[in-house]
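Please read these points with the model open.

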Amino acid sequence: MFDSLRSRLVISLVSLLTVLALASGFATLNTMKKDSEQQAKQVLRVAANVFLQALDNRASQLTNSVSILASDFGFRRAVATAEQETILSVLENHGSRVHADLVLLLSPGGDLMASTSAELSSDDVKPVFLQSKGSQSTTVNDILVLAGNSYQLVLVPVKAPQTIAWVGMGFSLNKQLAEQIKGITDLDISFTTNSSKTNQTLHSTLDLDTQHNLLPVLPRLVDTQQQPFSSNEGQFLSLALALDQQQLLWAVLHYPSARWQESYQKIRQQLLGIFGLSLTLALTLAFVIARSITQPLRLLSNFASQIGQGVTAAALPAAKGEIGLLGNTLQKMQMDIRTREAELLYQAEHDSLTGLKNRGAAERKLAELLPFEDVGLLLLNIKDFRHINDALGFANGDSLLQQMAQRLEQLIPAPLQVARLGGDEFLLLYNQHLSAAQLEDLKLQLHSGYLLADSPLSLKVSVGAYNITPGTVHANDAIRRLDIALNYAKKQPALLAFYQQGQDESHQRELTILRDLPAALQQNQLFVVYQPKVELTQQSCSSAEALIRWIHPELGFVPPDEFIKLAEHSGNIALVTQWMLNTVVAQLALWYQQGTQIKVAVNLSANDLTNSNLPQEIAALLKLYHLPSSVLALEVTEVAVMQDPKQVIQILTQLRDMGIELAIDDFGTGQSSLAYLKQLPVHEVKIDRAFIKDIEHNQDDALIVSATTQLAHGLGLKVTAEGLENLAGLAKLQQYSCDKVQGYFFSKPLTSEQFSQWLEQFANTKNQWFDSESNG
């Protein structure tokens with residue numbers, strides 16, 4: 001809810017205005033409250049001045065009256081002659097003139113001589129008089145508490161000519177005075193006493209409950225320093241005035257807090273109303289402003305959202321300022337995105353070099369057709385395209401692919417779709433089945449007419465074909481089977497092949513072998529067998545060839561030629577070779593510990609001979625098992641040598657220098673064996689079994705074996721014949737001075753335990769193998 005820009009704008013504006021209103025309102029109310037409180041304090045001070053002025057007026061009246069009485073000759077004579085009745089009469093007479101509540105006559109020592117109040121005694125008057133008079137010899141004006149009553153009292157000395165007495169008049173500070181002061185000031189007033197002995201309210205205009213609540217404040221009146229203070233739990237703002245010199249008698253003026261707060265409360269209510277109205281207006285204004293900002297932004301947001309969803313958005317309404325600029329930018333962005341999307345869509349479905357459809361587009365088109373129509377698929381591959389790239393350069397290779405693409409689009413019959421799958425492979429999609437004759441015609445159309453580097457060029461094209469009936473196969477499976485057909489076509493003389501039922505299963509078998517081989521090496525599904533190599537001259541056996549075997553848990557026995565060939569093509573042959581060397585060297589170490597000294601040959605692939613680290617790895621392995629290099633022999637084929645003769649010869653030379661015996665395996669099956677034989681640093685030549693198995697019957701095989709043996713001996717090489725199966729063949733090989741033989745005549749490949757037993761048995765019965773009569 002509060003995530004939208006409109007909500008945030010409204011909240012921000014309202015919050016800002018609220019904060020400003022609250023701050024200004026708080027400041028205003030606080031100022032007004034202080035001002036009202038100051039006015040109330042001022043009222044208290046004015047009332048205090050009025051009260052004090054009233055006391056001063058009363059004091060002046062008392063002073064005049066008592067001065068007249070003290071100067072009256074008859075009164076002085078009566079005092080001097082101690083005429084008590086005359087004195088009392090005069091006191092009452094003069095007191096009634098000014099309505100004095102108390103008139104009294106004191107001796108110079110403060111003893112009570114006469115008084116209009118029968119309640120007074122010398123003990124009540126003397127200590128208070130002496131304390132108030134102090135060292136004064138003139139008029140004494142003070143407010144005193146006499147016999148529990150407070151009086152504003154003025155005392156004047158009576159002289160004749162020395163002071164013979166003190167005469168005084170006083171007004172009582174009673175409820176009547178309090179009411180008079182309240183009538184003048186409109187404030188309540190209380191007269192209180194505050195001494196160590198007692199604290200009480202003498203007279204007050206307050207009700208009794210309020211007077212009772214005032215008592216806790218009385219002991220602290222001195223601390224107020226005659227400044228306004230809050231009393232009765234905030235009910236009043238009060239001001240205390242000390243009425244006597246000893247600060248025992250106090251007058252406390254009370255200003256009701258409700259009176260001065262009433263105006264403040266009214267103003268506060270008005271301000272709250274103004275604040276509420278302002279907030280409502282601010283909310284409305286904020287909503288209007290936010291809407292004016294967010295409405296165009298919402299349109300822009302929806303427009304951008306539609307662009308993001310790929311929907312063609314309606315044109316934005318005209319706008320000015322930043323909104324208009326942003327709208328124009330978004331509309332331009334929409335056009336740019338459409339252009340880029342079209343480009344990306346084209347690039348996603350087309351090959352960048354040839355402009356043909358790519359694999360993804362072909363698969364989608366194929367998926368549309370397969371469920372409903374007959375489909376004819378052709379997968380074309382340019383034969384020896386790699387050599388064209390190497391010889392003429394990649395630029396010319398790309399030019400050839402472009403010319404091929406143009407030619408494919410011009411074929412008759414025209415394909416429904418032409419796609420380049422990658423490299424030099426092209427897919428042709430027809431909505432009909434194709435015959436072999438049609439394929440031959442297509443190949444003929446693609447054969448010639450190419451121009452590279454201003455030179456005409458003719459091509460050979462391998463074609464794999466797959467005719468599909470509706471609903472029988474999915475697109476991925478169809479292309480996979482088509483690829484299988486192309487692989488078969490590359491092996492055919494006509495470079496043409498249709499997919500045949502069962503080829504897929506063979507392909508799946510190959511994929512299973514490739515997938516499971518690395519795990520099989522780790523799980524010891526593979527094992528090594530050893531086939532003896534018998535020396536004919538000594539009629540003994542001191543060497544063998546190690547051969548690898550694999551029993552797959554699902555496929556059963558997998559022929560070595562099958563999985564080794566696949567391993568070479570997939571790049572996993574290095575794992576096989578490493579496992580083979582580790583296993584054979586470990587077995588050699590075990591035999592040597594048992595006293596059996598034997599040399600074992602291990603076959604190397606073409607990929608192994610391109611590994612420049614191979615000599616160091618073999619040396620480290622032999623060192624690990626503390627074996628001499630002479631225990632190991634390595635066999636390589638002519639085909640492996642021809643991959644990279646220079647590098648292979650360099651690696652073989654390092655191995656020979658280490659003391660490892662080297663042999664050329666399957667000699668006679670290659671095309672350049674004689675040209676390189678004299679350059680190879682090998683010790684032995686192994687004649688392929690194709691020339692040995694029928695040597696006793698086939699004169700050509702016999703002639704080849706004889707010539708090869710003589711040639712090898714002439715070059716200083718030993719000769720081993722593979723595939724010996726009978727005694728007649730053995731005789732021929734002995735006749736041609738062959739050095740070693742191996743084959744089923746002596747033994748099939750054996751496990752390590754079986755081989756150890758065979759060695760012992762052969763050593764004891766070797767004459768039987770070479771005795772023609774006993775074998776006959």
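Which residues line the second largest cavity?

1. Ala362, Leu366, Leu377, Gln417, Val418, Ala419, Leu427 and Leu429 do. A cavity here is a set of points on a 1 Å grid over the protein atoms alone where a 1.4 Å probe fits but cannot get out, and lining residues have an atom within 4 Å of a point. Helix H9 (359-369), strand E12 (417-422) and strand E13 (425-430) each give two or more residues to this lining. E12 supplies the largest share, three residues.

2. The model is predicted: local features need pLDDT of at least 70, side-chain atom pairs count only at pLDDT 80 or more, and totals for chains, interfaces and linings use all residues. Residues are numbered from 1 along each chain as its sequence is written, and side-chain values use heavy atoms, without hydrogens and water.

3. The whole structure holds two cavities of 30 Å³ or more.

4. The whole structure has 11 aromatic pairs. One of them, Phe745 with Phe746, is edge-to-face, at 5.0 Å centre to centre and 80 degrees between the planes. (Rings of Phe, Tyr and Trp, the last by its six-membered ring, pair if their centres lie within 6.5 Å; planes over 60 degrees apart count as edge-to-face.) Ring pairs link Tyr530, Trp591, Phe745, Phe746, Phe755, Trp758 and Phe762 into a cluster.

5. Phe745 is buried because its relative accessibility is 12%, and Phe746 is buried at 4%. (Buried means under 20% relative accessible area, with a 1.4 Å probe and protein chains only.)

6. Arg407 lies over the face of Tyr450, 4.4 Å from the ring centre. Lys491 lies over the face of Tyr488, at 5.6 Å. (The criterion is NZ of Lys or CZ of Arg within 6 Å of the ring centre and within 35 degrees of the ring normal.)

Definitions and conventions. Rings of Phe, Tyr and Trp (its six-membered ring) pair if their centres lie within 6.5 Å; planes under 30 degrees apart count as stacked, over 60 as edge-to-face and the rest as tilted. Buried means under 20% relative accessible area, exposed over 50%, partly exposed in between (1.4 Å probe, protein chains only). On a 1 Å grid over the protein atoms alone, a cavity is a set of points where a 1.4 Å probe fits but cannot get out, and a pocket is an open set with protein on both sides within 12 Å along at least five of seven lines; lining residues have an atom within 4 Å of a point. Grid points are joined across faces, edges and corners, and a volume is the space filled by probe spheres set on the points. Helices (H or I, at least four residues) and strands (E, at least two) are DSSP runs, numbered from the N terminus.
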